[in-house]
Amino acid sequence: MSHFYKKRAYRYPLYALMVVSFSSLALLTYFQWILGLANLLLLVFVLYYVIRSQRELYAEIEQYISQLSHRLKKVGEEALMEMPIGIMLINDDYVIEWTNVFLTSCFGEQTLVGRSLYDVAEQLIPLIKQENEKELIDIHDRKFKVVIRREEKLIYFFDVTDQVEIEKQYEAERVVLGVIFLDNYDEITQGMDDQAKSQLNSQVTSILNKWAHDYGMFLKRTSSDRFVAVLNEQILQQLEKNKFSILDEVREQTMKNNIQLTLSIGIGTGAPSLPELGSLAQSSLDLALGRGGDQVAIKQANGKVKFYGGKTNPIEKRTRVRARVISHALKELIVESDKVIVMGHKYPDMDALGGAIGILKMAQLNQKEGFIVLDTNRIDAGAQRLIEEIKNHPELWSRFIKPEQALELITDDTLLVIVDTHRPSLVIEEKLIFRTDHIVVIDHHRRGEEFIANPLLVYMEPYASSTSELVTELLEYQPQRAKLSMLEATALLAGIVVDTKSFTLRTGSRTFDAASYLRAQGADTVLVQKLLKENIVSYVKRAKIIENASISAKGIAIAKGNPNEVYDQVLIAQAADTLLTLSGVVASFVISKRTDETIGISARSLGDINVQVIMESLGGGGHLTNAAAQLANTTMEEAERRLRAAIDEYLEGGKKS
């Protein structure tokens, strides 16, 4: 450190001051030499004192800096060797050149120098080769956040075991809310006396209270058919691990008294606030009920939904009140609109066309103009035969329009009715959904995670055999008594026949009531059979698919089409139906190449296996006994592998959701 007066910035002013001082002193000596001599001595003393003080200050600063440097060096060495942060230096060959004491102790070794990372911590090698600078790894039952400085070949290890444990504990103790609903409590207890009802309530409450106690939940009954449960994420994981066995327990215990009571549970999780958790729980319950009940829906704040249960067929309702209320509500919406546009799903089948024709008739009964959206290039073979028959009736055929025409006709006051689907990605023209706020959804499928946003009216009844059955009931309750034409009644009846496989699957008493009403309206059963006929080419194709089927010991049949041949979706569905009629087969799956360059899977079951859940795991959906999925950008072999994995996972989970 140099003296301050040796620096130019300070030296020149000092020289100037000395020149001025000595000039003044010389002038004073000239006039008064005694006084000048005294001032000269004083000036020399002051200069001596200043120079001495500056040197002492410099010496003190030098000593302070020396001591500070020594302390910093000592602290640095102490920190490098003793602080709870691991430090490692490696070379290009991943050989350890140096580590501090803390890191050595973490590995339980005397020294790590000279050893290869492949022997000590092989999991570090790919991290060093990657671009990530930070990563979390496990070393000797401890968790470390690793920070890599590739240029210096330096690795820092931060022990975050306690932090990770606290995070896990926080996640495990996050609050979860559940709403438990007794699906068919009102129907079961409607004809019971007070004693029987009290016994049922006591039995159900006892089962649920024991279940809550075993898992450490708080359970409170809020009404005759509703409970509220408070639990945490850790308990929820245990319930998921056991596939919510409470559903089976309640069903089996109540069946001993010749009563089949089922539960639906909606669970909200992952939200920071209690009101949001409550909203998620109620939304989950609505979703579970919309899928037919007897299942659990878990909705997270990010929108993801998981399902468990759903093993039984939805129970048919005993009252037609809902159908009458929906029919009148739909009439009011039709009257308030300027026109009605009806749209089904892509590649519409008999049920979608029959339901659309029924809604068109409802619009005409209320003196409103109606249209049906149809892409004639994208319909299945059975629907094509119905379209050919409709073309012979110009007054009805003129009501069918292309998607482009519908986009031109639709206005803000147009009522858009979606039939036989509730998923926006499956409708014929998705743009129509965003052109109007007046949307009605009529569907018989179990509700999925994807759903049309903000519809004015939703009529979803999973217990129904078909959309045509639901629309027929709505027509029956229209104030203006509907007089259907032969073709209109036949189209609706054909939709019911196709979806029930000629009244053999998912058929309830109201299905026959609807069929009876349509027959009374002039439906032609012979024409229905003509519409359902297939040509010999399709018959042979289907037979070849069935010929290649393999049947497992558990009664699951899997068949594949020719990888080089494209099959219609209806044909593989028919093949799956035919496989289900074979002795010993409880579920059937048919895999084939579709016309839209995807791999299609059609699934059927007799009810013991929930094929809807299996197809949902592959991105599809449907019913408990009738479902399908489409896999894009894959091969037949990969599709079969994924299908078998999904079936195995389902069976290993004890017929899980």
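**Close-up views of side-chain contacts**

The structure holds 7 aromatic pairs. The model is a predicted one, and the legends below describe selected views of its side chains.

**View A. Tyr156 and Phe158 form a tilted aromatic pair.** A pair of aromatic rings is described by two quantities, the distance of the centres and the angle of the planes. The ring centres of Tyr156 and Phe158 are 6.4 Å apart, and their planes stand at 35°, so the pair is classed as tilted. The angle lies between the limits for the other two classes, since planes under 30 degrees apart count as stacked and planes over 60 as edge-to-face. Tyr156 counts as partly exposed because its relative accessibility is 26%. Phe158, with a relative accessibility of 29%, is likewise counted as partly exposed.

**View B. Trp211 and Tyr215 form an edge-to-face pair.** Their ring centres are separated by 6.5 Å, and the angle between the planes is 65°. Both residues belong to helix α8, which spans residues 194-215. Trp211 and Tyr215 are 4 residues apart in this helix, about one turn. Both Trp211 and Tyr215 are buried.

**View C. Two charged side chains sit over tyrosine rings.** The charged end of Lys541 is placed over the ring of Tyr567, at 5.8 Å from the ring centre. In the other example, the charged end of Arg594 lies over the ring of Tyr347, and the distance to the centre of that ring is 5.6 Å.

**View D. Ser116 makes a contact with the backbone of Tyr118.** Ser116 is located in the loop that runs between α3 (101-106) and α4 (117-120). The relative accessibility of Ser116 is 17%, so this residue counts as buried; the cut-off for buried is under 20%. A polar atom of the Ser116 side chain lies 3.2 Å from the backbone nitrogen of Tyr118.

**View E. The side chains of Thr161 and Arg142 are joined by a polar contact.** The length of this contact is 3.4 Å. Thr161 is placed in helix α6, which covers residues 161-172. Thr161 counts as buried because its relative accessibility is 8%.

Methods. Residues are numbered from 1 along each chain as its sequence is written. This is a predicted model: local features need pLDDT of at least 70, side-chain atom pairs count only at pLDDT 80 or more; totals for chains, interfaces and linings use all residues. Side-chain values use heavy atoms; hydrogens and water are left out. Rings of Phe, Tyr and Trp (its six-membered ring) pair if their centres lie within 6.5 Å; planes under 30 degrees apart count as stacked, over 60 as edge-to-face and the rest as tilted. Buried means under 20% relative accessible area, exposed over 50%, partly exposed in between (1.4 Å probe, protein chains only). Helices (H or I, at least four residues) and strands (E, at least two) are DSSP runs, numbered from the N terminus. A charge sits over a ring if NZ of Lys or CZ of Arg is within 6 Å of the ring centre and within 35 degrees of the ring normal. A polar contact is a pair of N or O atoms within 3.5 Å; within protein, one must be able to donate a hydrogen and the other to accept it, and residues adjacent in sequence count only if both atoms are side-chain atoms.
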